[in-house]
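Let us take a walk through a protein model together, one feature at a time. Please have the sequence and the picture ready, and look up each residue as we come to it.

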Amino acid sequence: MLSTASSAGREAYRDLEKRARVIRRHIVNMIAEAGSGHPGGSLSAVEILTTLYFGVMKIDPKVPDDPERDRFILSKGHAAPALYATLAERGYFAVETLSSLRRLGSPLQGHPDMRKVPGVEMSTGSLGQGLSVGVGMALGARLDHRYYRVYVLLGDGECQEGQIWEAAMAAGHYQLNNLVAIVDRNGLQIDGSTETVMTLSPLAQKWRAFGWNVVEVDGHSFSELFQALDSVAYAHKPTAIIARTVKGKGVTFMEGAVDWHGKAPDRKQREKALEELGE
Amino acid sequence: MSTKQPTKEATRDGYGRALVDLGHRDHRVVVLDADLSKSTKTALFADAYPERFFNLGIAEANMIGVAAGLACTGKIVYASTFAIFATQRVLNQIFQSVAYTGLNVKICATHAGITVGEDGATHQALDDIALMRAMPGMKVVVPADAEEAYRATLAVAQYDGPVYLRLGRLATSVITSDEEPFTIGRAKIMRPGRDITLAACGFMVEQSLRAAVKLAEEGIEAEVINVSTIKPLDTETLVQSAARTGVVVTVEEHSVIGGLGGAVAEALASHHPVPVHRVGVPDLFGQSGDAADLLTHYGLTPENICDTVRQILTDGKERTK
């Protein structure tokens with residue numbers, strides 16, 4: 001865990017902030033060039049992905065199939081641009097590939113395909129399936145006496161899928177303390193706010209009732225994310241991190257705006273977004 | 001037909017036995033069930049290798065995802081429940097997490113077809129072959145008897161990728177030989193004949209053989225083919241038979257839409273067009289009843305097959321007059 005008290009810690013946080021900014025710029029550019037995609041839920045997940053890939057996960061992009069590696073599953077597969085940008089920045093593939101998003105023949109499908117992109121652990125897109133896969137990987141680790149962790153990023157709207165709770169029940173039953181679910185709690189889904197479409201609250205209590213260790217954090221705060229992920233090591237059950245986020249974070253006209261769930265910025269909007277994000 | 005004394009056993013029994021042997025041979029084998037382990041026979045594996053068996057409760061969608069996750073870690077995963085739940089209920093989970101990924105998951109579905117019996121329509125999978133066959137990358141295997149189910153269960157472990165294995169509840173005669181290796185994608189001529197081809201799968205291979213015996217008494221020589229892999233289909237064997245007999249009847253315990261009949265009709269239409277007639281469950285829901293009564297009600301008895309054959313051959317003769 002990084003400490004804000006030391007200057008080294010402060011330096012590390014500044015590095016993560018810079019990476020997050022670069023990833024956000026990629027997201028805006030990729031979706032603008034593709035002419036379609038999901039900026040809102042990609043931008044809300046950037047600090048979560050940055051923390052995992054640049055601070056927490058035991059991974060080596062040069063050995064993407066190392067059996068001891070930590071695993072990450074993007075269950076909310078529509079945030080693919082955020083994952084692709086993170087993987088490219090982490091060194092899994094060339095940054096230049098990012099501009100091929102959603103084009104015919106590109107490895108960067110509209111939703112992640114594990115057979116096409118190094119570092120993508122599971123193909124996702126149809127919501128609700130990633131946590132079950134995470135349960136399977138966590139059980140596999142246990143069978144093989146390996147100590148890697150499995151991280152699954154869920155959308156909050158995605159938690160309306162019944163399969164999520166089937167998986168939550170199984171993870172609680174098997175006390176999978178090597179499994180971490182992170183809920184990108186941006187509060188919005190396509191048709192409006194999560195609470196008007198289909199109430200999720202009290203979300204933390206729901207996870208607790210299924211036998212999970214639950215931590216609620218500001219999903220844009222590196223220090224809070226690190227602290228929450230650190231608590232996993234001491235849990236005897238699976239951990240759910242409910243990360244409060246802002247949909248479209250970093251681009252003011254996209255922030256908290258439901259319309260930016262699945263819409264590409266035009267040329268002017270792209271310029272404005274990049275200007276706001278800065279170099 | 002085997003020269004052994006005919007014994008009766010369900011294909012699910014052959015599956016259960018095979019899992020235990022497989023578990024001993026290969027430590028990568030992991031078995032999942034959704035609260036039906038006594039019926040699907042995965043309980044035999046659970047007793048032998050409890051640490052590699054996971055009962056995921058009445059939550060089939062999660063079971064498919066867990067199967068995919070375990071396969072990601074290098075396991076050979078067998079996931080079982082009744083066919084109706086193993087296909088229809090989790091179609092999108094299979095599509096995305098198993099077929100699209102090409103992961104090493106064997107969906108082994110028992111209680112397929114009308115012979116489920118008394119539980120009725122809600123538990124009778126009559127379209128599962130059609131659903132699984134339409135899934136890119138999915139192999140579809142339908143063993144004819146318990147012996148073939150045993151060998152097929154072992155054989156699919158050797159193939160790295162998704163397979164749908166269709167198994168039945170009903171104890172039926174053992175008609176295949178345990179000496180023949182099972183090869184995915186290979187159909188087998190069980191009885192040669194020159195007048196008509198009966199292409200059957202599952203329990204209906206036995207029914208077709210019985211029909212062929214009756215027809216032979218009337219001077220009609222029916223060729224009976226056990227099409228134990230629906231996908232990939234053994235087009236070569238089917239085309240050669242169709243070329244000899246000139247007419248094909250498909251026989252299956254499945255809807256006449258999209259199953260073996262659909263597969264054979266598609267293949268022959270492209271490679272060797274001959275008339276194809278389909279014996280199967282009409283485009284209807286099932287219902288409760290004794291398995292034998294249901295087979296009669298839906299027209300799946302040897303006598304029904306004989307009637308279809310006689311009709312086809314009579315019509316054919318009239319046309320050529």
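We begin in a loop of chain B. Pro232(B) is found between strand S12 (229–231) and helix H10 (235–245) of chain B. Helices (H or I, at least four residues) and strands (E, at least two) are DSSP runs, numbered from the N terminus. The peptide bond that joins Lys231(B) and Pro232(B) is cis, with omega about 0°.

Before going further, a word on how to read the model. It is a predicted model, in which local features need pLDDT of at least 70 and side-chain atom pairs count only at pLDDT 80 or more, while totals for chains, interfaces and linings use all residues. Residues are numbered from 1 along each chain as its sequence is written, chains are lettered from A and ligands numbered from 1 in the order in which they are written, and side-chain values use heavy atoms, with hydrogens and water left out.

Chain A has a cis bond to show you as well: the one from Ser201(A) to Pro202(A), with omega near -5°. Pro202(A) sits in the loop between helix H7 (194–197) and H8 of chain A.

Some other loop residues of chain A deserve a look. Arg102(A) is not a glycine, yet its phi is positive, at about 70°. You will find Arg102(A) in the loop between H4 and helix H5 (130–143) of chain A. With 32% relative accessibility, Arg102(A) counts as partly exposed; buried means under 20% relative accessible area, exposed over 50%, and partly exposed in between (1.4 Å probe, protein chains only). His145(A), also a residue other than glycine, has a positive phi near 55°. His145(A) belongs to the loop between H5 and strand S2 (150–155) of chain A, and its relative accessible area of 64% makes it exposed. Now try Gly219(A), in the loop between strand S6 (213–218) and helix H9 (222–231) of chain A. Is Gly219(A) buried or exposed? Its relative accessible area is 0%, so Gly219(A) is buried.

Next come the aromatic rings. A pair of such rings is described by the distance of the centres and the angle of the planes. Rings of Phe, Tyr and Trp (its six-membered ring) pair if their centres lie within 6.5 Å; planes under 30 degrees apart count as stacked, over 60 as edge-to-face and the rest as tilted. Over all chains, the structure holds 10 aromatic pairs. In one of them, the ring centres of Trp165(A) and Trp207(A) are 4.8 Å apart and the planes stand at 45°, so this pair is tilted. Trp165(A) lies in helix H6 (residues 162–173) of chain A and Trp207(A) in helix H8 (residues 203–209) of chain A, so the pair ties together parts that are 42 residues apart in sequence. Both Trp165(A) and Trp207(A) are buried. Phe253(A) and Trp260(A) make an edge-to-face pair, 5.6 Å centre to centre with 70° between the planes. Phe253(A) is partly exposed, at a relative accessible area of 24%, whereas Trp260(A), at 5%, is buried. Returning to the tryptophans, Trp165(A), Trp207(A), Phe210(A) and Trp212(A) form one aromatic cluster.

A ring can also have a charge over it. This is counted if NZ of Lys or CZ of Arg is within 6 Å of the ring centre and within 35 degrees of the ring normal. The charged end of Arg71(A) sits over the ring of Tyr148(A), 3.8 Å from its centre. In chain B, the charged end of Arg52(B) is over the ring of Tyr49(B), 4.7 Å from the centre.

Let us finish with a strand of chain B. How many of the six residues of strand S5 (residues 105–110) of chain B are buried? Six of the six are, so S5(B) is largely enclosed by the rest of the structure. In a regular strand the side chains alternate between the two faces of the sheet. Here Val105(B), Ile107(B) and Ala109(B) point one way from S5(B), and Lys106(B), Cys108(B) and Thr110(B) point the other way. Two strands pair if DSSP finds at least two bridges between them. Strand S4 (residues 76–82) of chain B pairs with S5(B) in the parallel sense over six bridges, and Cys108(B) is the bridge partner of Ser80(B). S5(B) also pairs in the parallel sense with strand S7 (residues 163–166) of chain B, over four bridges, where Lys106(B) stands opposite Val163(B).
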